[in-house]
Amino acid sequence: MPLIRMHADNLDARNTEFAQQPLERPVFLNSVPKSGTHLLRNVMRMFVPVEQHYPAAFIQHPILAQHRKAFDAEMPKLSWGHLLFSDLSAIALKGVRHILLVRDPYDWVIARARFFLSDTFQANLEHLKKDAVSVEDMLNMMIFGIPGKAPTLSEIYTHNAVSWLGTGIHLVRYEELAAHCSEPDTLEAHAYFARLADAAGIGALPEDWRDRVRVGADRGQSGTARENLAGRSLSFPATLPDTQKRLVDYAAPGLRTLLGYGTGPV
């Protein structure tokens with residue numbers, strides 16, 4: 001697995017500022033890589049006692065067997081990772097409250113490209129850094145993959161998101177999560193986080209839930225937030241160019257609609 005270098009946060013200490021109710025069932029925060037994983041994780045950490053967090057590993061398929069205890073019903077924990085759909089992961093997550101985070105594939109392409117070219121991400125892509133390729137080249141590699149080095153957009157979304165649909169997961173879209181984290185003083189935000197708390201088995205939202213959200217959503221606490229990435233070079237556009245949008249639709253037809261983006265039935 002690639003090496004990701006991040007600074008430590010102080011959220012465990014901040015957690016103690018709030019009264020916590022213990023989990024009665026394990027909770028797993030699953031996500032498509034580069035979909036705002038740290039935002040969801042850090043917010044949810046503010047609603048669960050620190051002793052019930054599972055910080056031993058960012059759980060992924062290659063290390064699933066070593067971390068099955070994260071899903072032990074007798075000792076409920078809040079854990080997180082990028083766990084693709086398989087027979088072993090389905091067995092491991094049986095009875096676990098499963099929250100799945102996704103991101104609009106159009107925006108995901110840019111986020112993934114930006115992350116891959118940062119010094120925060122260290123893998124076998126060093127040859128692409130220092131402006132070795134154009135922005136458009138890099139975006140296309142994120143869509144169609146790099147042979148032997150990086151999977152395609154379609155492969156990642158198929159195994160990390162689409163295959164989990166219809167299995168009892170609670171789907172979270174990054175854009176909605178981020179919007180409600182930035183404006184928690186709305187009725188819509190209250191309803192949104194009430195549904196999220198229910199999905200996680202936390203129960204009714206505590207009176208100080210807005211404060212918890214603000215603490216967890218602090219971008220300074222996320223080592224993978226855009227402004228905290230080290231060593232970036234290329235300047236990526238704020239939105240995906242029209243040609244690359246068409247390429248996403250070609251590479252993964254129907255994906256955005258299936259996840260609740262674009263038009264058509266969800």
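Take buried to mean under 20% relative accessible area. By that cut-off G216 counts as buried, because its relative accessibility is 3%. This is a predicted model, by the way. G216 sits in helix α9, residues 209-216, and touches N42, V43 and M46, leaving aside residues up to four places away in sequence.

Five strands make up an open sheet in the order β3-β4-β2-β5-β7, with parallel pairing. At the edges are β3 (59-60) and β7 (170-173), each pairing on one side only. Further in, β2 (residues 27-31) and β5 (residues 97-102) pair over five bridges in the parallel sense, and N30 stands opposite L100 in β5. Helix α8 (residues 187-200) packs on this sheet, touching β2, β5 and β7, and its direction makes about 140° with that of β7.

The rings are worth a look too: there are five aromatic pairs. Two of them go like this:

| Pair | Centre to centre | Angle between planes | Type |
|---|---|---|---|
| F85 and W164 | 5.0 Å | 90° | edge-to-face |
| F193 and W209 | 5.5 Å | 45° | tilted |

F85 and W164 are 79 residues apart, in the β4-α3 loop and the α6-β7 loop respectively. W164 is buried at 3%, while F85 is partly exposed at 35%. F193 belongs to α8 and W209 to α9, so their pair ties together parts 16 residues apart in sequence. Ring pairs also bring Y192 into a cluster with F193 and W209.

Charges sit over rings as well: K34 lies over the face of F115, 4.4 Å from the ring centre, and the charged end of R41 is over the ring of W80, 5.4 Å from its centre.

Note on methods:
Residues are numbered from 1 along each chain as its sequence is written. This is a predicted model: local features need pLDDT of at least 70, side-chain atom pairs count only at pLDDT 80 or more; totals for chains, interfaces and linings use all residues. Side-chain values use heavy atoms; hydrogens and water are left out. Two strands pair if DSSP finds at least two bridges between them. Helices (H or I, at least four residues) and strands (E, at least two) are DSSP runs, numbered from the N terminus. Contact means heavy atoms within 4.5 Å. Axes are lines fitted to C-alpha atoms, for helices over the stretch in contact, and angles run from 0 to 180 degrees between N-to-C directions. Buried means under 20% relative accessible area, exposed over 50%, partly exposed in between (1.4 Å probe, protein chains only). Rings of Phe, Tyr and Trp (its six-membered ring) pair if their centres lie within 6.5 Å; planes under 30 degrees apart count as stacked, over 60 as edge-to-face and the rest as tilted. A charge sits over a ring if NZ of Lys or CZ of Arg is within 6 Å of the ring centre and within 35 degrees of the ring normal.
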